[in-house]
Amino acid sequence: MAQALVLDFGGVVTRTLFETHALTEQALGLEPGTLQWRGPFDPDSDPLWRAMQADEISERDYWRTRTSEVGRLKGEDWQAMETFVQRARGAEPQKVLRPEADTAIRAVHAAGFRLAILSNELDLFYGTDLRRRLPLLDLFDTIVDATYTGILKPDPRAYAFVTEALGLPAEACVFVDDQQRNVDGGRAAGMRTVHFDVARPALSYAEALGHFDLVPAA
């Protein structure tokens, strides 16, 4: 049986910035409908997203570009993704936490299984203060963040960092990520994997919980 749930953060634990345009526009004082890029929710209208999916640019490159664009809408020079996320979402991360994530994480923890986050940019994008403002993160046994390791998924070393931190073999870990390349990397590392569908989070979490013989709360 699986012994640990390993989650990506942005898009899996929190809703994507694509899903919260209305919150972003309100927080930044932008007219409703200003932000049109929709990433995985409308890839045909987002050439930059398609370039990322084709590995022509990195995920970080995508968000650096969007950060600069939104900063210019405010008449400011934004270079750090942290600026975008914190200005867009303020000091209330609970507003963008996926309720399905909260329920699943608590269920796994209550059942006595291990929890880990494997992120390419948790503190880089969200800021170091997030962990204090999101108590749910206290339930995790370990957080491996490429902000500090410098090793991005799908590099095999990223997955090795988290299995070593948990003290578990890769096959005992269920890895959940919304990027196919990262899921492929987890599978290559020997993990059980779930490709998280941001449009159907409840279904994806149900699949993940199934590896632990847990059923999502009704």
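These legends walk through several close-up views of one predicted model.

Because this is a predicted model, local features need pLDDT of at least 70 and side-chain atom pairs count only at pLDDT 80 or more, while totals for chains, interfaces and linings use all residues. Residues are numbered from 1 along each chain as its sequence is written, and side-chain values use heavy atoms, with hydrogens and water left out.

**View 1. Strands 1 and 2 pair in the parallel sense.**
Strands (E, at least two residues) and helices (H or I, at least four) are DSSP runs, numbered from the N terminus. Two strands pair if DSSP finds at least two bridges between them. Strand 1 (residues 4-7) and strand 2 share 4 bridges. Look for L5 opposite L115 in strand 2, and for L7 with its bridge partner I117. Which residues of strand 1 point one way, and which the other way? A4 and V6 point one way, L5 and L7 point the other, and all are buried. Buried means under 20% relative accessible area, exposed means over 50%, and partly exposed lies in between (1.4 Å probe, protein chains only).

**View 2**
In strand 4, F175 is the bridge partner of V6. Why is strand 2 (residues 114-119) largely enclosed by the rest of the structure? It is because 5 of its 6 residues are buried.

**View 3. The largest nonpolar core has 48 residues.**
A nonpolar core is a set of buried Ala, Val, Leu, Ile, Met, Phe, Trp, Tyr and Cys residues joined through side-chain atoms within 4.5 Å. In soluble globular proteins, nonpolar side chains tend to be buried together. The members that touch the most others are L5, L7, F9, W63, F84, I105 and V176. A second, separate core of 16 residues includes Y159, L166, L168 and A172.

**View 4. F18 and W63 bring together distant parts of the chain.**
Rings of Phe, Tyr and Trp (its six-membered ring) pair if their centres lie within 6.5 Å; planes under 30 degrees apart count as stacked, over 60 as edge-to-face and the rest as tilted. The structure holds 13 aromatic pairs. In the pair of F18 and W63, the ring centres are 5.2 Å apart and the planes are at 45 degrees, so the pair is tilted. F18 sits in the loop between strand 1 and helix 1 (21-28), while W63 belongs to helix 3 (residues 59-73), 45 residues apart. Contact means heavy atoms within 4.5 Å. Leaving aside its neighbours within four places in sequence, W63 is in contact with L17, F18, W37, M81, F84 and F125.

**View 5. Ring pairs link seven named residues, F18, W37, W49, Y62, W63, W78 and F84, into a cluster.**
W78 and F84 form a tilted pair, 6.1 Å centre to centre with 40 degrees between the planes. W78 and F84 are buried.

**View 6. The largest cavity holds about 240 Å³ of space.**
On a 1 Å grid over the protein atoms alone, a cavity is a set of points where a 1.4 Å probe fits but cannot get out, and lining residues have an atom within 4 Å of a point. Grid points are joined across faces, edges and corners, and a volume is the space filled by probe spheres set on the points. How many cavities of 30 Å³ or more are there? The count comes to 2. The largest cavity is lined by 24 residues, and the closest to its centre are G10, G11, E59, W63 and Y126. Helix 4 gives the largest share of this lining, 3 residues.

**View 7. Q53 and Q179 are 126 residues apart in sequence.**
In space, Q53 and Q179 are 8.5 Å apart, C-alpha to C-alpha. Q53 is found in helix 2 (residues 47-53) and is partly exposed, at 38% relative accessibility. Not counting residues up to four places away in sequence, Q53 touches Q179 and R181.

**View 8. A cis peptide bond joins K153 and P154.**
Omega of this bond is about 10 degrees. P154 is found in the loop between helix 8 (146-149) and helix 9 (156-166).

Definitions and conventions:
1 Å grid on protein atoms, 1.4 Å probe; cavity = no way out; pocket = protein on both sides within 12 Å on 5 of 7 lines; lining within 4 Å.
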